[in-house]
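Please walk through the metal site and the salt bridges of the structure shown here.

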Amino acid sequence: MGTTYSIRLADSPLDRGALRRLQGDVDAALAEVNRQMSTWDPGSEISRFNRAGANEPVAISPDFQLVVRRALEIAEATGGAFDPTVGALVNLWGFGPDGLRRAPPTPDQIAAARAVIGWRHLRLLPDGRLEKDIADLKLDLGAIAKGFGVDRVAALLRERGIENFLVEIGGETLGVGRNDQGEPWRVGVLKPDGSADLQGVARLTDGRAIATSGDYRNFYRDENGELRAHIVDPRTAAPVGHAVASVSVLADDCLTADALATALFVLGPEEGLPLFAAQFPGVEALFLLRRENGRFEEVATPGFAGAAGYAP
Ligand code: ADP
Ligand code: MG
């Protein structure tokens, strides 16, 4: 996934040997997610699917099926703001396997990429095989796979009888039980200005997860000085560019939090907030909007502060 992970255990029932074995098992579980869903690995199942032709169903592993099923549900529920087929566009704007670029793509290149995206071109067959009806369509689970990885590791820890832990992959985080002080786990929400300063602190327990998407970590400035970040609005075929600097989402699983953080970053608060109250009960969101003099304005769902125990 091109990032790091960390796990904290409080009151671990495991001895040193068991912890070492657990670490090996966590590494193996995450390597397995990569082997299925990483577009950076040419030998992965997803890379094989991306090379397949139109209407040639490809067999994929059960976990991969689950992630695709959820990705399609979330694409539908967000009116396509979240779209797991944006790979060609992400690559075109300099955030895919082809690497960075300084000059914006030409209108022809954008039109060509646009012609090969769209989640409705992707179908999970009843037998679990995956199919597309456009050969050049590129599946990209970069906005959801880390969250799934967190859920996967959390399930592994629970299986081993561990009851108090925090799991984090590249910033997407899930907390179960309590920390060393017997309190809910505390997770910082970064100020989205590239610094290490915190905007606030959220509290996680009972398997709640928090994920953040933003334009402050993975971005570059093009030759015109425009900020280009790695989340693409499938409706405009361009990187999202508005006042939203980051969105943090709280949900009962990290896959959902991860995908919805990306979707809400595309939608912004005006389009996003009404949609989410209706579509996703139990999900809460915090938008940080860029304002003059380097300040950030907080816009949140009514339940965010209570549900996250969030304190600015
Ligand atoms: P991060 O990886 O920084 O946590 P995200 O979870 O938001 O950020 O994932 C961003 C990645 O998701 C991009 O690098 C790209 O692979 C993919 N992506 C970009 N735009 C979209 C979109 N509109 N819908 C789904 N996936 C997207
Ligand atoms: Mg995401």
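Predicted model: local features only at pLDDT ≥ 70, side-chain atom pairs only at ≥ 80, totals over all residues.

Residues are numbered from 1 along each chain as its sequence is written, chains are lettered from A and ligands numbered from 1 in the order in which they are written, and side-chain values use heavy atoms, with hydrogens and water left out.

Ala143 (O), Asp258 (O and OD) and Thr262 (OG1) coordinate the magnesium ion (ligand 2) at 2.0 to 2.5 Å. Donors here are N, O and S atoms within 2.8 Å of the metal (3.2 Å for Na, K and Ca); water is not among the atoms, so sites may look incomplete. Along the chain the donors follow the spacing A-x114-D-x3-T. Ala143 sits in the loop between β3 (130-132) and α6 (145-159), and Asp258 in helix α7 (residues 254-279), 115 residues apart. Helices (H or I, at least four residues) and strands (E, at least two) are DSSP runs, numbered from the N terminus. Ala143 is buried at 19% relative accessible area, and Asp258 is buried at 2%. Buried means under 20% relative accessible area, exposed over 50%, and partly exposed in between (1.4 Å probe, protein chains only).

The whole structure holds 12 salt bridges, each a side-chain nitrogen of Lys or Arg within 4 Å of a carboxyl oxygen of Asp or Glu. One of them joins Asp252 and Arg208 at 2.9 Å, N to O. Asp252 is exposed at 56%, whereas Arg208 is buried at 15%.
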